Amino acid sequence: MFDSPDKATPLLEVEGLRRHFHARSPMLPRLVRRPSGAVVKALDGVSFTIGRGETLALVGESGSGKSTAARCIVGLDRPTAGRIVFDGQDLAVDGSRRTAAPRRGRMQMIFQNPYASLDPRWRVRDTIAEPLRAGGLLRNAAQRRERVAELLHQVRLAPSDGERYPHEFSGGQRQRIAIARAIAAVPELIVCDEPTSALDVSVQAQILNLMKDLQRRFGLAYLFISHDLAVVYQVSDRVGVVYLGRLVELADCDRLFAHPRHPYTRLLLDAVPSLEENRARQPLADEPPDPIAPPPGCSFHPRCPFAAERCRSEIPLMKPTEGSLVACHAVEEGRLPTQPAPWPPLAPSARTVFSARARGR
């Protein structure tokens with residue numbers, strides 16, 4: 001396992017995480033014949049750690065399994081197999097739901113869509129106070145009101161905003177409310193499922209700066225899920241690349257962006273717009289395979305320009321390579337050419353909105 005900054009005791013350890021779903025055929029075929037029993041392997045043996053105060057990002061195409069991993073970690077989905085160890089306790093198998101509840105209360109989630117994740121019938125003060133009531137942290141109503149006012153101030157909203165309803169706020173303000181709800185119970189880990197994808201670029205920068213400020217102030221750890229590689233580069237300490245339910249590369253952020261090893265990682269980075277007009281690009285070929293019937297061997301081999309016969313028959317394992325963990329036969333055998341250029345500089349329009357505070361290094 002690739003060591004996180006806190007090498008002694010990672011806050012979260014995910015080992016061999018699997019989540020399989022039974023594929024359901026349309027209604028009419030199910031009435032005339034029995035279901036096929038096909039299984040979608042949304043996660044197929046994912047492993048990583050997150051240290052205290054660290055940000056680990058998961059990137060990959062839609063349907064790769066990133067959000068499924070997030071839902072399993074916070075308890076919204078039940079893993080098919082594997083271990084989710086939070087501060088020494090295996091949440092996937094140890095004890096009942098009631099036994100695991102105190103540990104799960106120390107992790108929270110920020111959802112992708114701030115327009116859908118807040119109850120439109122609740123005032124903001126009730127939304128933010130709900131984790132306090134559910135966790136039995138503050139039973140006195142006056143103390144809860146005081147705590148809600150403090151949380152609104154921490155996310156740079158006015159205490160009087162607690163009397164308003166979600167529809168009275170912009171998208172960025174709603175996401176600030178969602179962040180206030182997430183930190184209300186003083187968690188140690190926050191799972192962020194594309195928290196800025198529904199926001200304008202300038203608002204994204206404000207939310208990312210806020211999240212980094214809160215991380216430094218309270219020592220929060222983040223699991224950050226995103227499609228936006230520019231955002232991932234700004235906020236992450238380490239990055240994991242997920243493809244069709246498997247982790248194919250895991251490395252420090254700077255190393256992965258400057259020296260990507262896996263062909264899929266290279267192609268993802270190559271798709272990002274660059275100011276270098278003449279830079280050669282290798283586009284991703286075809287669509288991702290059908291997750292119900294994935295290809296044998298390496299699942300990326302039908303789209304990989306470096307695939308060989310071994311790739312078509314043998315599943316690659318994660319192995320250390322030049323400071324990274326990579327699951328690729330071509331990397332292991334030295335069949336990949338040297339990356340012609342490091343991570344391209346961001347265009348000025350994207351670069352100016354991310355302050356040094358967002359990068360945090």
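Modeller: Two strands, β2 (39-50) and β10 (246-252), each supply at least two residues of the lining of the second largest pocket, where strands are DSSP runs of E of at least two residues and helices are runs of H or I of at least four, numbered from the N terminus. This is a predicted model, in which local features need pLDDT of at least 70 and side-chain atom pairs count only at pLDDT 80 or more, while totals for chains, interfaces and linings use all residues. Residues are numbered from 1 along each chain as its sequence is written, and side-chain values use heavy atoms, with hydrogens and water left out.

Of the elements around this pocket, β2 gives the most to the lining, with five residues. The lining is made of 27 residues in total, and those that lie nearest the centre of the pocket are Asp44, Gly45, Arg246, Ile315 and Pro316. Sorted by class, the lining holds 19 nonpolar, four polar and four charged residues (Ala, Val, Leu, Ile, Met, Phe, Trp, Tyr, Cys and Pro are nonpolar, Asp, Glu, Lys and Arg charged, the others, Gly among them, polar). The pocket has a volume of about 570 Å³, a volume being the space filled by probe spheres set on grid points joined across faces, edges and corners. On a 1 Å grid over the protein atoms alone, a pocket is an open set of points with protein on both sides within 12 Å along at least five of seven lines, a cavity is a set where a 1.4 Å probe fits but cannot get out, and lining residues have an atom within 4 Å of a point.

The largest cavity has a volume of about 70 Å³, and the residues that line it are His262, Pro263, Cys298, Phe300, His301, Cys304, Phe306, Ala307, Cys311, Cys328, His329 and Ala330. Nine residues of this lining are nonpolar, three are polar and none is charged.

The second largest cavity contains about 30 Å³ of space, and its lining consists of Val59, Leu229, Leu256, Phe257, Thr265, Leu268 and Leu269. Two helices, α9 (253-258) and α10 (263-270), are the elements that give two or more residues to this lining, and α10 provides the largest share, three residues. By class, six residues of the lining of the second largest cavity are nonpolar, one is polar and none is charged.

Turning to the helix contacts, helix α6 (residues 171-183) and helix α7 (residues 201-218) have axes that come within 10 Å and cross at roughly 15°. The two helices α6 and α7 are therefore roughly parallel to each other, a term for angles under 35 degrees, whereas 65 to 115 counts as roughly perpendicular, over 145 as roughly antiparallel and the rest as oblique. On the α6 side Gly172, Gln175, Arg176, Ile179 and Ile183 meet Val203, Gln206, Ile207, Leu210, Met211 and Leu214 of α7, with contact meaning heavy atoms within 4.5 Å. This contact of α6 with α7 involves seven nonpolar, three polar and one charged residues.

Key. Axes are lines fitted to C-alpha atoms, for helices over the stretch in contact, and angles run from 0 to 180 degrees between N-to-C directions.
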